[in-house]
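Please open the structure in your viewer and keep the selection tool at hand.

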Amino acid sequence: MTPGDPAGPPWRRLDPRMLVVGPLGSLGRLLPLVLILMITGGGADPARIGIAVAAAVVVVAAGVVRWRTTRYRITAERVELHTGWLRRQRRSVPRDRIRTVDLTARLLHRAFGLSVVQVGAASGSPLESAGLSLDAVSTAEADLLRRELLSRSPADAPVAAAPEAPEAEPLARLDWSWLRFAPLTFSSIAGIGAIGATVFNLVDDLGVDPRDIGAVDDAADRLGAAPLWLGVLVVVTVLLVLAVVGSLLLYAERWYDYRLTREAGDGGSTLRVKRGLLTRRSLSVSEQRLRGAEIVEPLLLRAGRGAQCRALSTGLSADAQGGALQPPAPRGEAHRVASAALRAHPAEITGAPLRTHPPAARTRRLTRAVVPAAVVCAGLFAVGPAWAGPLSLLLLPLAVLLGLDRYAQLGHELTARFLVTRQGSLVRRTVALQRDGVLGMTVRQSVFQRRAGVVTVEAVTAAGQGGYTVLDVAAADGVALADATVPRLLTPFLVPEEARWPAS
Amino acid sequence: MISTMNVEPPLRPPAHRVSPRAVRWWQLRALPWLVVLGAPQLVMLLTTGAPVWPWTLAATVVGVLAYLLVVPRILFRIHRWEITDEAVYTLSGWLVREWRIAPISRVQTVDTQHGPLQQLLKLATVTVTTASSRGAVKIAGLDAGDAAELARTLTETTQATPGDAT
């Protein structure tokens with residue numbers, strides 16, 4: 001069936017409630033502007049009211065046009081979406097390329113019983129779009145679509161017939177004691193910074209000088225009178241408390257009622273992550289297309305013995321939470337979730353005992369950490385202010401520690417079905433990649449690596465970042481690893497054993 | 001002992017070299033650097049007349065010429081490719097060498113590109129892509145005729161193979 005085939009199932013519209021929700025959402029985004037207009041303006045000026053009414057009419061009309069011109073349908077082979085009035089867009093995703101379905105219901109959408117459906121697909125060629133989004137359909141319809149789109153046998157499953165609600169096998173759920181990991185994730189601290197900046201901007205936009213607020217002014221006066229160290233201490237403490245409270249709130253909002261389940265469907269089961277307090281999210285990943293799992297441990301989280309497990313699949317969003325199968329949780333729980341998701345014993349995947357890398361790798365990690373730090377020091381001594389040079393010497397021991405830790409975390413192992421590789425200090429990542437999902441191998445060697453006798457081996461895959469590396473393994477071991485990962489792939493290109501450069 | 005020796009991975013080089021005209025191509029591609037690096041210095045020389053600029057300018061010209069004479073020839077010696085029934089195998093890179101192996105069964109598309117310089121020299125680049133964002137295997141500086149032939153064979157071989165492991 002061609003994409004433009006007039007026959008086939010009828011076109012469907014987005015939910016009519018979008019006629020209300022769409023304009024409301026747009027108005028919500030315009031609200032700050034309206035507020036400013038109201039505050040700065042002197043009351044009921046007819047011109048102002050005219051502008052406001054015109055804006056409202058435009059927003060409502062845009063919502064109606066959008067609803068009228070958006071159509072979608074699901075044929076036996078493709079999902080098609082037509083949007084736009086003046087600029088028409090036609091998107092079409094082959095159903096056998098769909099890998100993930102993401103349902104999101106923000107507060108406004110939830111109030112009206114709607115959900116946004118985001119379909120993630122593996123793009124087969126640059127001409128095919130990698131996915132599409134339906135904003136929005138009713139929650140019941142969204143759930144139906146989710147199951148319909150991820151059932152892997154579109155040809156023999158009649159599209160109109162709603163699949164039965166499948167049996168869901170629970171794999172994990174939220175334990176509120178995990179809240180202790182919330183302050184340990186950098187993303188939440190960054191989130192606090194963003195919220196702080198927004199509030200400050202808002203206050204600033206409204207033309208309020210924080211110093212005009214009595215309490216703030218008073219506190220600033222007292223701080224100014226106190227010694228400098230005390231002032232710094234107070235400010236740091238306040239920021240820290242804010243960051244901790246904010247990260248707890250964010251964690252709770254994001255992961256409230258978190259559940260990881262496996263749903264059996266016709267033609268393959270899916271993993272489903274449900275979570276969220278205000279914004280409800282549900283991510284479904286086709287299990288057949290799951291290529292592996294990754295345990296991510298940012299430094300603070302690692303220090304607190306926490307970790308987070310993510311899925312490796314194509315069609316996942318690239319943001320910080322993309323593919324997250326669980327919230328930051330105890331390390332053991334992360335490995336357990338990885339094991340449950342991949343149906344493999346932890347010792348076969350992320351929990352496998354790893355091979356250490358040769359001493360040359362340690363030298364390289366140290367050099368790569370210390371040399372840039374030394375350059376910064378030298379630069380500050382040469383051109384910086386007098387105090388900066390000596391202070392910058394502190395960087396050197398930190399760089400040594402970083403280099404040593406980066407070496408200590410290096411490791412890899414090849415198990416029956418997975419290639420496991422670990423690296424990174426500030427963010428340690430342990431990746432278990434399905435060997436069946438490897439699309440090729442790359443062996444890389446820089447001039448410095450050649451002198452050190454090591455290589456970097458990369459397993460190329462369609463999922464996640466596109467490739468996962470094993471850093472600085474001995475040259476012969478690296479090639480052996482690449483050859484073993486995809487059996488017989490490299491064998492014809494190996495230098496015969498007896499012809500090799502005589503080993504020392 | 002071993003730490004002072006150069007140790008390469010025990011992979012034999014791929015069978016075929018690229019076209020000898022690729023040397024000319026790499027030289028032409030490096031030529032703009034002479035303008036990019038030299039022009040600001042020339043301007044400074046003409047405007048300030050400081051005695052340092054003639055020397056830096058001379059050094060720049062010598063440096064770029066040395067690069068033109070040496071590096072493209074090294075690149076030609078290194079760059080190699082090979083296609084078997086099972087895999088595409090390439091070796092490229094000068095400071096960072098890269099051995100790439102992609103199984104034929106996982107190849108999705110085969111593209112041939114001719115840039116303006118490459119057209120002038122009757123050269124072409126063949127890009128073999130898999131489903132990975134990082135998996136593209138490029139063979140640059142092929143003779144245009146060889147490239148077309150190569151692309152045709154590759155397309156024929158890959159058409160019959162299902163499954164791309166996405």
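Select Arg280(A) to begin; in this predicted model, Arg280(A) counts as buried because its relative accessibility is 19%, and the limit for that class is under 20%. Arg280(A) belongs to strand 11 of chain A, whereas Asp257(A) sits in the loop between helix 7 and strand 9 (259-263), so the pair ties together parts that are 23 residues apart in sequence. Asp257(A), at 30% relative accessibility, counts as partly exposed.

Next, move to helix 4 of chain A, residues 139-150. Within this helix, Asp143(A) and Arg146(A) are three residues apart, about one turn. Their side chains meet in a salt bridge of 3.2 Å, N to O, and both residues are buried.

For a pair in the other chain, select Glu149(B) and Arg152(B), which form a salt bridge with the closest N and O atoms 3.2 Å apart. They too are separated by about one helical turn, being three residues apart in helix 5 (residues 144-159) of chain B. Glu149(B) is partly exposed, with a relative accessible area of 43%, and Arg152(B) is partly exposed with a value of 43%. Salt bridges that share partners also build a network, which joins Asp143(A), Arg146(A), Arg147(A), Glu263(A) and Arg272(A). Over all chains, the count comes to 32 salt bridges.

Which residues have the most contacts inside the largest nonpolar core? Select Tyr258(A), Leu260(A) and Leu325(A), which hold that place in a core of 36 residues. Among the elements that each supply at least two residues of this core are helix 7 (228-255), strand 11 (280-286) and helix 9 (331-342) of chain A. Helix 9 gives the most, with six residues.

Leu242(A) counts as exposed, at 52% relative accessibility. It is one of the residues of a nonpolar surface patch of about 750 Å², whose members include Trp229(A), Leu230(A) and Val238(A).

A patch of another kind comes next. Select Arg13(A), Arg68(A), Arg71(A), Arg88(A) and Arg90(A), which form a positive surface patch. Of these, Arg71(A) lies in strand 2 (residues 71-74) of chain A and counts as partly exposed, at 30% relative accessibility.

Finally, select Ala66(B) in helix 3 (residues 52-78) of chain B. Ala66(B) and Ala102(B) are 36 residues apart in sequence and 35 Å apart in space, C-alpha to C-alpha.

Note on methods: Residues are numbered from 1 along each chain as its sequence is written. Chains are lettered from A and ligands numbered from 1 in the order in which they are written. This is a predicted model: local features need pLDDT of at least 70, side-chain atom pairs count only at pLDDT 80 or more; totals for chains, interfaces and linings use all residues. Side-chain values use heavy atoms; hydrogens and water are left out. Patches are made of residues with over 30% relative accessible area and no salt bridge: like charges are joined within 9 Å, nonpolar side chains (Val, Leu, Ile, Met, Phe, Trp, Tyr) within 5 Å. Accessible areas come from the Shrake-Rupley method with a 1.4 Å probe; for residues, only the protein chains shown count as cover. A salt bridge is a side-chain nitrogen of Lys or Arg within 4 Å of a carboxyl oxygen of Asp or Glu. Lys and Arg count as positive and Asp and Glu as negative; His and the chain ends are not counted. The place of a charge is taken as NZ of Lys, CZ of Arg, CG of Asp or CD of Glu. Helices (H or I, at least four residues) and strands (E, at least two) are DSSP runs, numbered from the N terminus. Buried means under 20% relative accessible area, exposed over 50%, partly exposed in between (1.4 Å probe, protein chains only). A nonpolar core is a set of buried Ala, Val, Leu, Ile, Met, Phe, Trp, Tyr and Cys residues joined through side-chain atoms within 4.5 Å.
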